[in-house]
Amino acid sequence: MIEQPYVYRHKDLVEPDWRRLPGWSAVSSQDWESAQWQRAHCVKNIRQLKAVLGEGVDEAFYADLERDQAERATMSMLLPPQMLNTIVPELSPSDPGFTDALYADPIRRYMIPVFSDRKTDWPSHPHASRDSLHEAEMWVVEGLTHRYPTKVLAEVLPTCPQYCGHCTRMDLVGNPTPVVDKHKFGMARDDRLSAMIGYLQANPGVRDVVVSGGDVANLPWPRLEAFVGELLAVDSIRDIRLATKALMGLPQYWLTDEVRAGMERLARTARERDVSIAIHTHVNAAQSVTPLVARASKAMLDTGIRDVRNQGVLLRGVNDSADALLDLCFALLDDAKIMPYYFYMCDMIPNAEHWRLGLGEAQQLQHQIMGYLPGFATPRMLCDVPYVGKRWVHQAAGYDTERGISYWTKNYRTAVEADDEQALGREYEYYDPIYLLPESGQEWWRSQIAAQQRPSQAAAPEPVPA
Ligand code: SF4
């Protein structure tokens with residue numbers, strides 16, 4: 001064999017033994033596979049985390065976590081047992097080295113962030129903001145973002161069965177934290193959903209609806225089925241995508257009889273109407289892909305829907321190497337039949353600098369993974385550029401690597417640029433983490449911030465509270 005940078009080996013999926021965790025040592029398989037048990041035993045705070053992990057974890061870790069929750073976290077803690085069980089899957093908390101392994105674990109790094117993970121010099125980029133993609137500015141109905149010419153995003157609810165530390169929708173999704181209050185929808189849910197259907201009926205140029213939130217797994221199934229049924233009745237809709245990280249975080253839900261039977265009904269109607277329904281999930285690390293996740297994905301495919309696809313997020317310390325990404329993509333593709341589709345660069349939300357990669361790093365990762373996966377399953381690395389939309393990382397029109405500023409152009413208008421004649425000629429900026437820049441670039445940013453603090457200098461970026 002020729003020596004290659006990455007060596008493919010099929011790896012059987014493994015469900016880590018939850019009984020290695022003291023708090024779940026007596027939990028039966030029947031309980032473990034129950035969606036109701038999983039929801040009832042989610043870990044929402046440090047006390048519950050300690051109760052599951054027992055005495056084996058150093059107290060310093062919990063102090064680090066507590067400080068993060070008080071001073072940095074933009075998302076509250078919420079992990080279904082299924083997800084927590086995939087953290088440090090091969091050690092028990094009483095094994096030597098467990099705390100070190102916990103610190104290093106990729107799932108822990110984005111689901112249970114601690115203060116020492118974060119950058120202290122530049123915790124936030126000066127251009128970071130809540131709602132960094134400006135989705136709310138493009139709402140045509142509360143929660144319905146019309147950002148691209150032919151597709152819309154319907155945020156049907158603001159909650160999920162799990163909360164990810166890096167959530168792009170930290171402005172809206174989840175519970176308030178000491179650092180951020182959350183935006184609240186003003187309209188009642190059913191009124192919002194009806195208004196969304198009304199908008200789509202009146203706008204036949206829209207053919208594609210991403211039904212998201214939050215996570216659709218938190219909408220009671222009958223309500224979700226009714227909403228998707230109404231979408232199926234809109235003549236112009238041809239693609240419906242259901243966004244649920246819970247396919248991985250809470251696969252037990254997607255394996256319930258109620259959901260399987262309901263999805264079968266939707267898939268049948270969709271076929272009769274020539275509409276494609278797909279599930280889009282969000283898996284960031286290979287160890288999340290367990291036999292239960294594979295069962296849930298295949299159960300959904302068996303209902304007759306078109307596909308199950310993965311949209312991961314590139315995160316430092318989680319999946320920032322070609323090996324980690326390829327291991328994940330093969331785990332998804334081989335046994336779970338989940339199509340690797342996109343990896344987004346982490347958006348410019350507050351306190352995310354330690355997670356974010358620079359554009360050059362994302363370009364390098366795209367180069368490194370090419371040619372190993374089938375072409376149809378080779379994910380694209382994307383930069384979601386504010387006011388532009390998703391762009392392949394190699395599409396930048398320009399890139400100042402000293403200041404970490406990339407320049408992007410667009411080929412359609414959003415509602416906010418309806419009357420903007422310059423929109424298609426303008427260059428829009430995206431920013432690398434400052435700590436990655438050469439000293440001269442970092443100095444330029446420091447001078448920008450200093451100028452901002454002098455009232456007479458108006459050209460500096462908006463500050464973001466840490
Ligand atoms: S599942 Fe998605 S919407 Fe929910 S917290 Fe995670 S990233 Fe945000």
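Biologist: Okay, quick one to start. Which side chain does N85 join in a polar contact of 2.5 Å?
Modeller: That would be R20: the side chains of N85 and R20 are joined by a polar contact of 2.5 Å. Keep in mind that this is a predicted model.

Biologist: Got it. What backbone atom does the side chain of N85 reach?
Modeller: The backbone oxygen of P16, at 2.7 Å.

Biologist: And where does N85 lie?
Modeller: In a loop, the one between α5 (81–84) and α6 (98–104).

Biologist: Is N85 buried or exposed?
Modeller: Buried. Its relative accessible area is 1%, and the cut-off for buried is under 20%, so N85 falls on the buried side.

Biologist: Which residues does N85 touch, not counting those up to four places away in sequence?
Modeller: The list is P16, D17, W18, R20, L21 and W32.

Biologist: Switching topic to A35. Where does A35 lie?
Modeller: A35 sits in helix α2, which covers residues 35–40.

Biologist: Buried or exposed, that A35?
Modeller: A35 is buried too, with a relative accessible area of 12%.

Biologist: What is A35 in contact with, leaving aside neighbours within four places in sequence?
Modeller: Three residues: Q252, Y253 and T256.

Biologist: And how are A35 and P178 separated?
Modeller: Their C-alpha atoms are 30 Å apart, and along the chain the two residues are 143 residues apart.

Biologist: Now the strands. How many of the residues in β3 are buried?
Modeller: Four of its five, so strand β3 (residues 151–155) is mostly covered.

Biologist: In which sense do β2 and β3 pair?
Modeller: Antiparallel, over two bridges, with β2 being residues 144–145. They form a hairpin, and five residues lie between the two strands.

Biologist: What stands opposite L144 in β3?
Modeller: A154. A154 also has a bridge partner in β4, namely V211.

Biologist: Oh, β4 is new to me. In which sense do β3 and β4 pair?
Modeller: Parallel, over five bridges, and β4 is residues 208–212.

Biologist: Through which helix does the chain cross from β3 to β4?
Modeller: Through helix α8, residues 189–202. That β-α-β crossover is right-handed.

Biologist: One last thing. In a regular strand, where do the side chains go?
Modeller: They alternate between the two faces of the sheet.

How values were computed: Residues numbered from 1 in each chain as written. Predicted model: local features only at pLDDT ≥ 70, side-chain atom pairs only at ≥ 80, totals over all residues. Heavy atoms only, no water. Buried < 20%, exposed > 50% of the residue type's maximum accessible area, 1.4 Å probe, protein only. Polar contact = N/O pair within 3.5 Å; in protein donor to acceptor, adjacent residues only side chain to side chain. Contact = heavy atoms within 4.5 Å. Pairing = 2+ DSSP bridges. Right-handed = clockwise from strand over helix to strand, strands pointing away.
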